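Work through the exercises below with the sequence and the model open. Each task is followed by a solution in steps.

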Amino acid sequence: MSTAEQGAAADAVAAFDPMSLADHHHAEQRLTEVRACCPVSQPHPRMHFLAAYADVEQVLVDNTRFSARSNFRLDATEGARPFRTGSGALPSSDPPAHTALRLRLRRWFAPRALRRLQPRVEELARAAVADLPIGVDFNLITVSKGLAAQVVYALIGLPEQDWSQLQAWSDALHETLPAPLNGTPEYQAMMARLQALIEARRRRDVPPDESVISGLAEAVEAGDLSAAEAVIHVWQLIQAGTETTSSLIANLLHTLLSDRDRWRLLQHRPELVEAAIEESLRRDAPIQYVMRTPYEPTAVSGCPIDVDEQIVIGLQSANWDREVWGADALEFDIERDRSAGHLAFGRGAHACLGAPLARMEAEAFLSELLRRRPEIMLADGYVHELAPELMVRRPTHLLLHIPN
Ligand code: HEM
């Protein structure tokens, strides 16, 4: 398409608005339209939206030109807030603070650490499948959320007697989003409990071990980290690992069970489980966007973007880009050529630290389900609806049934 044709087409198509639930719910069609005519658009005066794989990838990997300080905060009015330091949050920090923080947390996601955790993850997945009710409809989201939270608690090393209370607080907090969480009683209670658990580790009431909480308590004791920073890291891992992995499991099961041939294929060829998980992450990215802002006035694909303007990076849109995935980009195809690599976990300096853990957990749960409950199905009359959340892609409910 020539530039003039692109301009005319852009006039005819409204910009994709990441703040609009209507756009979110019709994303397949809307994103196809905007990628074709205006891959870099400006839905709000201080917000730009990137729709094409090439632009998305380019901005993700360039953390010298783009700051992550506005990450995970959609702000149509203000764009990205002016620079401030010391927020302590990994996903929204920049080098050199980000580099040091990531280095500190990376050891718990290294292959050796995850191999140590694997038997526990598999045990939790087995228990989750064994507890599924028979002969009645149930909402899989409750199960997948519970499993995802337990895996993160196990990774962090939080005592099992705290798990149900922590999950109740997390669930209540999720209900208050997108309003700020800090003032809520659940947030205060959760932070106080996490602080007490870190303090107990510092006092060595519990002997040191390889867990995250033990390592963070040691860092606080050594003066490398404040107690408040340690609490923030624990809280962020809980936030980062729960809703996301739960959504992956729900999206994956919906896709497999809504076409029985796919489910049967996996029963007969369990070696395809890994590919099914990757294709689900591509087709239905649990996190739709991440955000960046330029340090200096810049341009992406020729479109000028000023400092303090927010760039919303369309991870899902990139994963559906026909230029990369071909004409059937919107289809779920277990045997797709995946050489380009989907962007559901981001890419570059901020790429998801927990990706191998999320994959391990989804694989453990799906494999156990295929082995123990191959007769599982969508509940009679179930209608798929996307949750009314801007950043997350998952069904509101996923009603399933295991026949007697
Ligand atoms: C399917 C599940 C998951 C998805 C789709 C997902 C997706 C993402 C995405 C898109 C980012 C941001 C990348 C960016 O800003 O460029 C991210 C960052 C992160 N994720 Fe995940 N995530 C998942 C599971 C997990 C789990 C299980 C954990 C840990 C328990 C985790 C921990 C993190 C951390 C610590 C970061 C920040 C990395 C940084 O800024 O350096 N994630 N994730």
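A residue is near a molecule or strand if one of its heavy atoms lies within 4 Å of it. This is a predicted model, in which local features need pLDDT of at least 70 and side-chain atom pairs count only at pLDDT 80 or more, while totals for chains, interfaces and linings use all residues. Residues are numbered from 1 along each chain as its sequence is written, and side-chain values use heavy atoms, with hydrogens and water left out.

**Exercise 1. The shell around the ligand**

Task: Find which residues come nearest to the ligand, and describe the shell around the ligand by class.

Solution. 

Step 1. The ligand has 27 residues around it, and those that come nearest are His-98, Arg-102, Arg-292, His-350 and Cys-352.

Step 2. Sort the shell by class, where Ala, Val, Leu, Ile, Met, Phe, Trp, Tyr, Cys and Pro count as nonpolar, Asp, Glu, Lys and Arg as charged, and the others, Gly among them, as polar. The shell then has 18 nonpolar, seven polar and two charged residues.

Step 3. Look for polar contacts (pairs of N or O atoms within 3.5 Å; within protein, one must be able to donate a hydrogen and the other to accept it, and residues adjacent in sequence count only if both atoms are side-chain atoms). His-98 places a polar side-chain atom 2.7 Å from a ligand oxygen atom. For Arg-102, an N or O atom of the side chain is 2.7 Å from an oxygen atom of the ligand. His-350 also has a polar side-chain atom 2.7 Å from an oxygen atom of the ligand.

Step 4. Assign the shell to elements; helices (H or I, at least four residues) and strands (E, at least two) are DSSP runs, numbered from the N terminus. Two or more residues come from each of helix H5 (97–106), helix H11 (227–257) and S5. H11 gives the most, with six residues.

**Exercise 2. The iron atom**

Task: Which protein atom is the donor of the iron atom of the ligand?

Solution. 

Step 1. Count as donors the N, O and S atoms within 2.8 Å of the metal (3.2 Å for Na, K and Ca); water is not among the atoms, so sites may look incomplete.

Step 2. The only protein donor is SG of Cys-352, at 2.3 Å.

Step 3. Cys-352 belongs to the loop between H15 and H16.

**Exercise 3. Strand S8 and its sheet**

Task: Is S8 largely enclosed or open to the outside?

Solution. 

Step 1. Two strands pair if DSSP finds at least two bridges between them.

Step 2. S8 pairs with strand S2 (residues 47–50) in the parallel sense over four bridges, and Phe-49 stands opposite Val-312.

Step 3. Strand S5 (residues 289–294) runs antiparallel to S8, and four bridges join them. Here Arg-292 has Ile-311 as its bridge partner. Arg-292 is also one of the residues that come nearest to the ligand.

Step 4. S5 is also joined to S3, by two bridges in the antiparallel sense, with Phe-66 partnered by Pro-294.

Step 5. In a regular strand the side chains alternate between the two faces of the sheet. Gln-310, Val-312 and Gly-314 point one way from S8, Ile-311 and Ile-313 point the other way, and all are buried. Buried means under 20% relative accessible area, exposed over 50%, and partly exposed in between (1.4 Å probe, protein chains only).

Step 6. Five of the five residues of S8 (residues 310–314) are buried, so S8 is largely enclosed by the rest of the structure.

**Exercise 4. Two salt bridges**

Task: Describe the salt bridges of Arg-30 with Glu-33 and of Arg-347 with Glu-57.

Solution. 

Step 1. A salt bridge is a side-chain nitrogen of Lys or Arg within 4 Å of a carboxyl oxygen of Asp or Glu. The structure holds 30 of them.

Step 2. The closest N and O atoms of Arg-30 and Glu-33 are 2.9 Å apart. The two residues are separated by about one helical turn, because they are three residues apart in helix H3 (residues 27–37). Arg-30 is buried at 11% relative accessibility, whereas Glu-33 is partly exposed at 28%.

Step 3. In the salt bridge of Arg-347 and Glu-57 the N to O distance is 2.4 Å. This pair links distant parts of the chain, 290 residues apart: Arg-347 lies in the loop between helix H15 (322–325) and helix H16 (355–372), and Glu-57 in helix H4 (residues 53–61). Arg-347 is partly exposed at 22% relative accessible area, and Glu-57 is partly exposed at 26%.
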